Amino acid sequence: MNRVPGDAENAHSSSVESCPSLRDVHSINPTQLMTRIETYEGREKKGISDVRRTFCLFVTFDLLFITLLWIIELNVKGGIETTLEKEVLQYDYSSSYFDIFLLAVFRFKVLILAYAMCRLRHWWAIAFTTAVTSAFLLAKVIISQLFSQGAFGYVLPIISFILAWIETWFLDFKVLPQEAEEENRFLIAQDASERAALLHPGVFSDGQFYSPPESVAGSDEESEEKQDSEKPVV
């Protein structure tokens, strides 16, 4: 006999628990929601997020830094022209640093094309460049004779390897998660604005005013004049 009141109490408690969500929706300020949505839409119109732009700048830094180190290495060996001809025209895998420079150019072109021009939101492009860079540098260190050529035999491969993995970490742990979080916030704000519009259909936005049509006021005056004219004159 006590089951019916118990069920009624459970239903009442569940309805009470659901009230906070409704209150939260009712308490949403449509102006704030529209401001957030306009902010996210403005970011989309820019075409590239701030964190992605930072990533592209770091990829450019990677290329310029490796190029600078390679030019310094050419000068140390006895002049740019002589050493450049030896490392490029008379390329030798075991002693040349030209391939490390080409590896930096390869990373730059692939990553800028994928994440700046195509605005890719996946990690496969940087996984490919990092895998190629790691495999090539490991093979070059094992097979070549770079360590017998002084400090640059250590510096260029190690720095190229480190920069490639820093790019991978930055994209995987900073760029992609932050952009996904911003997109989720935009979708939540858009959904909340739609709910607020449904819950408050009579609320007007700023700058909207209601005024009765002019014909109504004119018709009232005309009807009063008509009634006065129809009154019999004594």
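Which side chain does that of T130 join in a polar contact of 2.5 Å? In this predicted model, the partner is the side chain of T168. T130 has its place in helix α6 and, not counting residues up to four places away in sequence, touches A164, W165 and T168. With a relative accessible area of 4%, T130 is buried, because that value lies under the 20% cut-off.

| Helix | Residue range | Residues in the contact |
|---|---|---|
| α5 | residues 98-117 | D99, I100, L103, F106, R107, V110, L111, A114, Y115 |
| α6 | residues 124-143 | W124, A125, I126, F128, T129, V132, T133, F136, L137, K140 |

The axes of α5 and α6 come within 9 Å and cross at roughly 175 degrees, which means that α5 is roughly antiparallel to α6. Sorted by class, the residues in the contact of α5 with α6 are 14 nonpolar, two polar and three charged.

Helix α5 itself has 20 residues and spans 27 Å from its first C-alpha to its last, which is close to the 28 Å expected at 1.5 Å a residue. The buried residues of α5 are F98, D99, I100, F101, L103, A104, V105, R107, L111, I112, A114 and Y115. Following α5 comes R119, which has a positive phi near 55 degrees.

Key: Residues are numbered from 1 along each chain as its sequence is written. This is a predicted model: local features need pLDDT of at least 70, side-chain atom pairs count only at pLDDT 80 or more; totals for chains, interfaces and linings use all residues. Side-chain values use heavy atoms; hydrogens and water are left out. Axes are lines fitted to C-alpha atoms, for helices over the stretch in contact, and angles run from 0 to 180 degrees between N-to-C directions. Helices (H or I, at least four residues) and strands (E, at least two) are DSSP runs, numbered from the N terminus. Angles under 35 degrees count as roughly parallel, over 145 as roughly antiparallel, 65 to 115 as roughly perpendicular and the rest as oblique. Contact means heavy atoms within 4.5 Å. Ala, Val, Leu, Ile, Met, Phe, Trp, Tyr, Cys and Pro count as nonpolar, Asp, Glu, Lys and Arg as charged, and the others, Gly among them, as polar. Buried means under 20% relative accessible area, exposed over 50%, partly exposed in between (1.4 Å probe, protein chains only). A polar contact is a pair of N or O atoms within 3.5 Å; within protein, one must be able to donate a hydrogen and the other to accept it, and residues adjacent in sequence count only if both atoms are side-chain atoms. The expected span of a helix is 1.5 Å times one less than its number of residues.
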